[in-house]
Amino acid sequence: MKVARAVAIGLLGAVAIVALAPEWWAANRYDTQFRAIPDTPPAARFPLGTDAVGRDRLSRLIYGTRVSLLLAPAAALLSCVAAGILGGLAGLAGGFIDRTIVAAADLFLSLPWLFLLLIVRACLPLNVSPAASVAITFLMLGVLGWAAPARVVRAAVRKLKSSEFVFMARARGCRPWRLLWCQLRPNVAPILLAQFWVAVPIYILTETTLGMLGLGVAEPLPSWGGLLRELEGDSFLARPYLLAPAILLALVIGSFQLLLSNEDFSI
Amino acid sequence: MKLPFALRPAPLLLLAVTTAAGAELRLTLHDEPKTLDPWLAADESAEAVQYLTEGVLIRVNRLTQRPEPELAESWSISKDATRIVFQLRRGVKFPDGSAFTADDVVQSFERLLDPALHSPIADTFKTDRGSVKLRAEGTNTVVAQFPTPTASMEKLFDQVAIVSGKALHRPYPGLGAFLIAERRPGVSIQLKRNPAYWKRDSDGKALPRVDSVRFDIEQNRDLELLRFRRGEVDLIDKLTPELFDRLASEAPGTAIDAGPTLDSEFLWFNQARRAPLPEATKAWFQSAGFRRAVSLAINRADLCRIVYRGHATPASGPVSPANKLWLKEGLNPEPFDPAAAMKFLTADGFRLEAGVLRDQRGNPVDFSIITNAGSKTREHMAVMVQQDLAKLGMKVAIVTLDFPSLIERITRTLNYEACLLGLVNVDADPSEWMNVLLSSASNHPWNPAQKSPETSWEAEIDRLMLAQAGSADHHTRKKSFDRVQEILREQMPVIYLIHPNALAAVSPRVTGVKVTAFFPHTFWDAEHLTVGARPPGIH
């Protein structure tokens, strides 16, 4: 398992390095159209071929990795921070605040995410840059995704609140904020970390779903979701190189899961 | 009238000879119909459903382009081409058992022409001297009086659904081959055979031959083809060029290219003065020089070659080169000429600074192009246009929206900058463009539903279109419509890009399909089609 974990760390590290500076690794810009040679199979100049309008698939995959891999963790971080604050508050305060936050979480969980995202996407200003568009998409994912981890955090805080060490701290006159920061936070942090690792692949896949519907990251900016649209239908049987983004996505998510399974998140 | 283009012979499909018991014809719609009201249908999905469920007085045969009797058994047109008298078919009944009479026709038109309805179809019955007036003479004769001579007037009646005048509430019972049985929003529309349908085949057997039609709403074209291959879908009315080539290589007999259509794909800028856009942006879009520059900067040949894989023709205007009768002679597609484009922009006060195009006030030229989500072809066209315009220093964002949101923006809120869409043309006659080119039309793309024309050239187009609609003389009409095409080239309110070919997929299970270049390409005579048994396991 240690070997697998090391491989996962190595893979994620390599992908992160490529994603952080795609200009170094990509032979072409993601939006350059080689119109004389559209939809070509892999060759020395274009290792994954060119897409329907003649763009270098490998370069687009490298740039798309940056978009998906940097923004998905950012969105996951946002939702986990919100979940930590709201879930912690609900668990700690109880009563009306608890009921209100739980009701809000239930409401968010019952909302049809995809339709909500479509509605929000349709209401957004049109003339925004592709970079702003992708940021907004992931921001929405982050804002909408707080409810599930918040419920987990709330349950953990409620359990911790009745534990002996918290009782002892209170008995010794520990103030609420100190209790929160010094006693509860270290115990809740692993749970939030687990939620973070769970959320990252979910957000990547959600963006992929939006991309498959043509509503994800705006052209010409590539993302894994947008690149996976080439797999629609069964064209990959004749052109297996189209599977490259799917394989990368599977490897990255698999690596996240490997890391996750080795953490001890028990309270 | 000479046919505008050569129609290819339909393939002979012999595998399925008889219709299986309880046979169902399975088709797809690419979007949820915006409305099922037959007089408000403006999108292709709604028109497809309407085509199968509504009865019309005269139907234009999609194969021969000749008008054929439907609910009107015969008709006669006055010598001055202002009046048409319909003799209605006797014995026709609505699904509720009530008899079809002349009053139903008159009341249908009264509802259609009600200004409160805002029907896009009603625009085709308008001339500069008013609208058509209908009156019943007895139970089986209807007289339609046009205020001015109108050429090919009988073809106009192909698109008007005749419904029961006695019915008080929508949906009014229709007289088509099928009835709407069930609508599952976003999933499917199920049609069942109309038991009261009047038409019989040559052997005297009741039509339609299939018991039901199912329209599955399938935005994803790849999945649509996948389902076709699995036997879940029988006909695909419009394949993308990529999928067509794929199907043609795998199963050549099922992929049919019926040649150039009258349809067009085009781009336009929002030129409505009431649009909620910054004044500087409106000024760009209202400048003919700016629009002309954009047109010159787009490489149409590349769009045909790359996006359509050769299954399209560069557009010179709204009239397809296939429509030789009405295309203005000498009007060639705009050449790809970025240098000429830059000259137009410079003349308009634009300047290129460090790769960024700026207007006279120094505002960088950036705008968004909206198009419907799910259409790879349009997305690829938009991406190529984006790169072409980037060479002029224009920064273009591409936004794909779900179809209802897009329609909402381009027809109601007008909160958009540019739009890339297509137009389906059923008839080659210029009257077909009335509901698009008249400034008062709700489908007038660049500035819909104007109370009065906001520009002098739009006023001239209005005058010319109404004049051609009000004349029976071909030469006069041609002259008017030629001038309309000239104005559209000079002012470029719509940047016509390409005319696609009709690319269809026909399952060997379906017998009798004759693919045409006119919408609907595959199921225009659905009542005559037969469907054989499906593969095992497909329900």
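The model is predicted, so local features require pLDDT of at least 70 and side-chain atom pairs count only at pLDDT 80 or more, while totals for chains, interfaces and linings use all residues. Residues are numbered from 1 along each chain as its sequence is written, with chains lettered from A and ligands numbered from 1 in the order in which they are written.

Helix 3 of chain A covers residues 57-93, helices being DSSP runs of H or I with at least four residues, numbered from the N terminus. Its 37 residues should span 54 Å at 1.5 Å a residue, and the end C-alpha atoms, 52 Å apart, agree with this; the expected span is 1.5 Å times one less than the number of residues. Of these 37 residues, 26 are buried (20 or more other C-beta atoms within 10 Å of the residue's own, placed from the backbone). Just after helix 3 of chain A, G94(A) adopts a positive phi of about 65°.

Between the chains, 24 residues of chain A are in contact with 31 residues of chain B, contact meaning C-beta atoms, placed from the backbone, within 7 Å. The chain A side comprises 12 nonpolar, seven polar and five charged residues (Ala, Val, Leu, Ile, Met, Phe, Trp, Tyr, Cys and Pro count as nonpolar, Asp, Glu, Lys and Arg as charged, and the others, Gly among them, as polar).

Within chain B, the axes of helix 7 (residues 288-297) and helix 9 (residues 338-347) come within 8 Å and cross at roughly 165°. Axes are lines fitted to C-alpha atoms over the stretch in contact, with angles from 0 to 180 degrees between N-to-C directions. The two helices of chain B are therefore roughly antiparallel, a term for angles over 145 degrees.

Key. Parallel < 35°, antiparallel > 145°, perpendicular 65-115°, else oblique. Contact = placed C-beta atoms within 7 Å. Buried ≥ 20, exposed ≤ 12 C-beta atoms within 10 Å, placed from the backbone.
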